[in-house]
Amino acid sequence: MKKNTLKQIGKIGLLTLTISTTISLLGDQDYHIRYGIPTSTEAFQTMLEEVEEKTPVTTDSNDKARVFYYVMENPNLDESEKAMIYDLADMLKENPNLNPDLAGIALKDLRISYGESNNQYQDSTIAIYSSYDNTIHVFRRKEEVPSKIMVHEIIHCIYNNHGTFHLPDYFVEGTTQLLTDEYASETPFLEESSYPYETIMVKLLCEMVGSDKVLETFTDGNLGHIEKELEKKISKEETKTFMESVNNVFQEYKQERRVGKEQLEKMLSYTDYFFINKYKKEPTREKIEYYYYLRELLKEMAEEDSYTHYLNYIEEKGIYTIPYFSTELKNTYQTPEKVYLEKPLLKRIASYTNTQQNV
Ligand SMILES: [Zn+2]
């Protein structure tokens, strides 16, 4: 592999895998749903039975591919829209805590509507996912929407029944975006959508507690998994203050598109303290360098026009090829490298992101 260029992840490989999984499942006629079905509401149960009747669905193992049966049942989506969901096969497969029935129920009647007028949101907003009517509302014509924006919204839908609504906004958006980047972007380590700083914060949390805990939290909506890990290095009280502080920073950022320096410094004093504790026994130069990279990048949130500051930062300091979730990326990038972006790519991102956002 050529150094200092981003390797493009082949989409063809993913697609082949998806198709073969689906076909092999279709061949087995003895399947029925048994695994992990919540019976809390009658409506939910009825929906499950409907699916079970129409399709020979899978058995006792927590088989993530079962999600695809629900997707196939969806009368509202066309094949190109369904293909975007099938492309997320690895994301579904690699999350041990994802419940395919919970995800499937949402995907079974997901709608996507295009070309709506945009009254509530800024003109730059392209799409939102609304759990209220389980619809991705797109404020553009179909052909104008980049697929990774659609994937971001589809991931919201997949996790909607799990518990993500309990979680802070920054965490939901950052994790959704990081999953989109790793599983559905040609530039997986480069955040070029609406949530660069949220994504950086989630990367920092992954460094603090491990990406498995972050994913577990995202899946079941319980911040306790992260807090418990933090409490191994800092006190319960400090953990609570830190998590509140992160939330405050990002709430302010959401409203103002920049954050007061004091707020930011307070939050970073906790991460500094945490990492000093973490590395004091075994200081690893690479790890410390990477922590500083993330920390200094987050400081740009205090600047006016913070997105341009983000771009300038990654242009000057480069980006790290460190995957957190995708097994394919982890196999490809076993040693973290710092890569520098080529000017045309940076230019494209700059023009693209300032005018296009999603929620
Ligand atoms: Zn979102």
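Hi everyone, let's start with a helix pair: α8 and helix α9 (residues 196-209) pack at an angle of about 85°, their axes 8 Å apart. Axes here are lines fitted to C-alpha atoms, for helices over the stretch in contact, with angles running from 0 to 180 degrees between N-to-C directions. That makes α8 roughly perpendicular to α9 (65 to 115 degrees counts as that).

Who makes the contact? From α8 come Tyr170, Phe171, Glu173, Gly174, Thr175, Gln177 and Leu178, and from α9 Glu198, Thr199, Met201, Val202 and Lys203; contact means C-beta atoms, placed from the backbone, within 7 Å.

A word on the source: this is a predicted model, where local features need pLDDT of at least 70 and side-chain atom pairs count only at pLDDT 80 or more, while totals for chains, interfaces and linings use all residues. Residues are numbered from 1 along each chain as its sequence is written.

Now, α8 itself is mostly covered, with 15 of its 16 residues buried (20 or more other C-beta atoms within 10 Å of a residue's own). Helices are DSSP runs of H or I, at least four residues, numbered from the N terminus.

On to the inside. The largest nonpolar core has 73 residues, and Leu88, Leu107, Ile154, Ile158, Met201, Leu205 and Val214 have the most contacts inside it. Such a core is a set of buried Ala, Val, Leu, Ile, Met, Phe, Trp, Tyr and Cys residues joined through C-beta atoms within 7 Å. Helix α9 gives the most to this core, nine residues. Leu205 touches Val214 and Ile226, leaving out residues up to four places away in sequence. Apart from that core lies another, of seven residues, including Leu190 and Ile314.

Note on methods:
Buried ≥ 20, exposed ≤ 12 C-beta atoms within 10 Å, placed from the backbone. Helix = DSSP H or I, 4+ residues; strand = E, 2+ residues; numbered from the N terminus. Parallel < 35°, antiparallel > 145°, perpendicular 65-115°, else oblique. Contact = placed C-beta atoms within 7 Å.
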